[in-house]
Amino acid sequence: METKHSRIAGIGSYLPERVVTNAELGATLGVSEEWIVDRCGIRERRFAADGEGTSMIAAKAVRVAAADAGWNLADIDFIIFATLSPDHFFPGSGVYLQNDLSLAHIPVMDVRNQCSGFLYSLLTAHAFIASGLYRRIIVVGAEIHSHCLNVPETNKEIAILFGDGAAAVALEIGNEPTVIASTLHVDGSGADYLKLELFDQKRRPWVQIEDIQNRRHIPVMDGMRVFLRAVSEMTATALAVTEKAGIPLSEVDLVIPHQANLRINETVRRRLGLPPEKFFNNIQTRGNTTAASIPLAMAEAQQQGLLRRGQLVLLLAFGSGFTWGGILIRY
Amino acid sequence: MNSINEERVFELVAEVLHRTRSEITTQSRFIEDLEANSLDVVELACLIEGEFDLYIPESEIPSIRTVGDVIHALRKPRKN
């Protein structure tokens, strides 16, 4: 089978209108604006409106990405949808997205890899195009965290981190290689350090009244362990992917990391010895949007003229699972 | 014993915690004296590990209370 190249033809994003500042959130949580900035670098984030769902905001980002690529929605022949905040337990959010977009009966696949979901999805889409199975694929990440954070019941260390948003890329057959090198990983022994259990399927019935009293509907995080492992794996992954590509890290034009915590990203950047202008961050105004964070950062880096065609760009992610990875692309 | 540049440790502590170098001694307690939080200590540990190409096990980080504890952890012989 002849291997084809994939190309990122378009990027699109959607952010809910409501801006939630640290002043507003801090007042709810009983902490100062400075306390929040000091812990994570976030100054504001977006929260979805009541009635706004994950697949709905994903649909808005998909429309923008398709238009940016010069496609009609009918040109899409596959969608991969990454989220950790799906509309329902089943069916997956992809079917709601397909229905929202009024698409033909094209396949839509749901990916559940948390903060690394976009990288897993992008690499899968690339492989589908390279194999010749599909020609025009949308990869979309979308999250609505605010509805499950249940401020102020949530631990304030977690409640300050997350924001809502959606972003998508449009991948099509290209003439030159886009994906230069990649690596994806999981260490399931870290699963309990950042999770939202909600229910326990081993029990009968699997959802019980006490689950709410026991706060199983609220995320839990061991911040120290997540921080340490994120810095360690993102640093090692940046070095491993560039080594695999045979390209020195110094030749990478721009690193676009998952936006979990500005302090994690700054620590990774410093350990890699990279200047601030080569490490893009937008968590300051977006918060952690999990599977949406990397395409959202790509969209905003492009709008700011920092992400340009022809650049070598390293996408890095680490998150709940633990899952992590890196993809080096020629944009 | 590993060769650790204590002065560099002091500089990193001062930088991360927004303190002047003269405020930092081996006896300085992170939380009580330098007004650090647990995340500050974790960030410091990550940066110091990178700076000295050494590894402080996760299990030891919660017991780090002073700047001297960091230097002690860095000087501990480790198996590769």
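How many helices and how many strands does chain B have? Chain B has three helices and zero strands, where helices (H or I, at least four residues) and strands (E, at least two) are DSSP runs numbered from the N terminus. Before going on, a word on what you're looking at: this is a predicted model, in which local features need pLDDT of at least 70, side-chain atom pairs count only at pLDDT 80 or more, and totals for chains, interfaces and linings use all residues. Residues are numbered from 1 along each chain as its sequence is written, chains are lettered from A and ligands numbered from 1 in the order in which they are written, and side-chain values use heavy atoms, with hydrogens and water left out.

Back to chain B. Read from the N terminus, its elements run α-α-α. The radius of gyration of chain B is 12 Å, close to the 12 Å that the globule rule gives for 80 residues, so chain B is as compact as a globular protein of that length. (That radius is taken over C-alpha atoms, and the rule is 2.2 Å times the number of residues to the power 0.38.) Along its principal axes, the C-alpha trace of chain B spans about 35 × 25 × 20 Å. Of the 80 residues in chain B, 46% are buried, with buried meaning under 20% relative accessible area, exposed over 50%, and partly exposed in between (1.4 Å probe, protein chains only). As for contacts (heavy atoms within 4.5 Å), take those in chain B with a separation of 6 or more: residues 24 or more positions apart account for 53% of them.

Now to the place where the two chains meet. Chain B brings 15 residues to the contact and chain A brings twelve. Together they bury about 1,400 Å², and carbon and sulfur atoms give 57% of that; buried area here is the accessible area (1.4 Å probe) that two parts lose on being put together, summed over both. L39(B), C46(B) and E58(B) supply 40% of the area that chain B buries against chain A, more than any other three residues.

The rule finds five salt bridges across it, each being a side-chain nitrogen of Lys or Arg within 4 Å of a carboxyl oxygen of Asp or Glu. In one salt bridge, the side chains of E15(B) and R270(A) meet at 2.7 Å, N to O. On the chain B side, the elements that give two or more residues are α1 (6-16) and α2 (38-52). α2(B) gives the most, with nine residues. Sorted by class, the chain B side has seven nonpolar, three polar and five charged residues; Ala, Val, Leu, Ile, Met, Phe, Trp, Tyr, Cys and Pro count as nonpolar, Asp, Glu, Lys and Arg as charged, and the others, Gly among them, as polar.

Most residues other than glycine have a negative phi, and most peptide bonds are trans. The bond from F90(A) to P91(A) is cis, with omega near 0 degrees, and P91(A) is in the loop between β4 (78-82) and α4 (93-100) of chain A. The bond from G321(A) to F322(A) is cis as well, with omega near -5 degrees; F322(A) is in the loop between β12 (312-319) and β13 (323-330).

Q114(A) has a positive phi, near 50 degrees. Q114(A) is buried, at 14% relative accessible area. H18(B) also has a positive phi, about 55 degrees, and is in the loop between α1 and α2 of chain B. H18(B) counts as exposed, at 70% relative accessibility.
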